[in-house]
Structures are given as structure tokens and as C-alpha cells.
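Please read the numbered points alongside the coordinates.

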Amino acid sequence: MQDVGRLRNDVRAARAGQPHAGGEVGDRTVVDEIDRCSLVFVAEHQGRELATVRLSRAIDALGDSHLAPLIEAVQPADLAVTVVVSRFAVIPERQARALALPMFFQAYRSMHLVGARCALMTIHATMVEVFAQFGWKQTGEVVHDPFAGEMQILRHDLLDMTLLRAADSPLASIASDFFRHEGRAATPR
């Protein structure tokens, strides 16, 4: 987990244009207490971590000082079926970008497997259109991150096949396969 923490720190520092973004002097990792009860995905190549993303249940996120403002701003109807996507970090290399998408697809599958119906995440305004292609929608809410600044809150209704198809999202085929395999139908919206 320390390698993942260093990756998170390095990406955060690069975004801020600083050589080091971590907490205390000498601490160059970003490992949070909530990591212990979250699913942390890592894309690696030849033993080197290139990308990571974390999934946390919203109920657990309330106890995290970085994620709680997101939950409080959006106030999802059912915390038990809401997942927070966070600590998405990809180093700026071709191999990392190539591995980040399959990693994110696996995280999406895992959201379905744990019974989530809604996912939330924060993202820079410059990245909103990228995530809109996958069916993420702006909530109209923002939170302030002490390192990244103002972050847009996005929402993904995992059972909304109409939205996934309208966005021509590659997640539509994953969701469709999941629903067919599980013998259940997505909720039309």
C-alpha cells in the first residue's frame, strides 16, 4: 500500500506543480485510514504502480475528512448503496493511460458486484467531459480540496442503461453483460 500512497502523492504533487505534496516532511505517501475498508485497484506494469483508484461505501466515507464533504454536499438517498470513487491517480505516461481504462472498468464491475446503485466522485472541471462519455453527470455541487482546489462532484446512476446508451458509454456493454449474467434488469430512467 505504501507504493500506492507514493503514486497518489506523486500525481497530486505533479498536478500542483510541486516536487512533493505529502503531509509531514519525509512522508511522501498518501495512505488514508479509509483504505482499510475500501477496495483499492492498482494498475501496474513490470512491478511499477502506474494508476490507482479507490472505491469506498458512502457510509464509511462519512468518517473520512476528505470524503465527508462530498457526501454532505450531495446527500445521497441511500448511503448503503452509494459508492465513492476517489484517489484516482494516473502517472502521465502512455503505458499508464493504457492500463487505467481497464482498471476503471474493473472498478465499475466491482461497484455492481457489491450492490451499488449510485457512485459519486470529484473531478477537476477540465475532466468533466471525459467522464461524461462514461455516463457521469454533474450534480451542480462543488467541494474544495486543499491540494487540488475546486472540484466538481459527479454522479453515476449505475442502473441507468438509458443514460449509458445515450452517452455511447463503453460501460453500457459491461452493465448489460452484468445484468444478463445476474438475471436481473436495469431500472429504466
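1. The side chain of Thr-52 reaches the backbone oxygen of Phe-41 at 2.8 Å. A polar contact is a pair of N or O atoms within 3.5 Å; within protein, one atom must be able to donate a hydrogen and the other to accept it, and residues adjacent in sequence count only if both atoms are side-chain atoms. Thr-52 sits in strand E2 (residues 48-57) and is buried, at a relative accessible area of 0%. Buried stands for under 20% relative accessible area, exposed for over 50%, and partly exposed for the range in between (1.4 Å probe, protein chains only).

2. On provenance, this is a predicted model, in which local features need pLDDT of at least 70 and side-chain atom pairs count only at pLDDT 80 or more, while totals for chains, interfaces and linings use all residues. Residues are numbered from 1 along each chain as its sequence is written, and side-chain values use heavy atoms, with hydrogens and water left out.

3. Six strands make up an open sheet of mixed pairing, in the order E1-E2-E3-E4-E6-E5. Helices (H or I, at least four residues) and strands (E, at least two) are DSSP runs numbered from the N terminus; two strands pair if DSSP finds at least two bridges between them. Strand E1 (39-45) and strand E5 (137-145) are the edge strands, each pairing on one side only.

4. Within the sheet, E3 and strand E4 (residues 118-123) pair in the parallel sense over four bridges. Cys-118 in E4 is the bridge partner of Thr-82.

5. The structure holds four aromatic pairs. Rings of Phe, Tyr and Trp (its six-membered ring) pair if their centres lie within 6.5 Å; planes under 30 degrees apart count as stacked, over 60 as edge-to-face and the rest as tilted. The Phe-88 and Phe-131 pair is edge-to-face because the ring centres are 6.0 Å apart and the planes stand at 80°. Phe-88 belongs to strand E3 (residues 82-90) and Phe-131 to helix H5 (residues 128-132), 43 residues apart.

6. Phe-104 and Phe-131 also form an edge-to-face pair, with 5.9 Å centre to centre and 65° between the planes. Phe-104 lies in helix H4 (residues 94-113) and Phe-131 in helix H5, so this pair ties together parts 27 residues apart in sequence. Phe-104 is buried at 7%, Phe-131 is buried at 5%, and Phe-88 is partly exposed at 23%.
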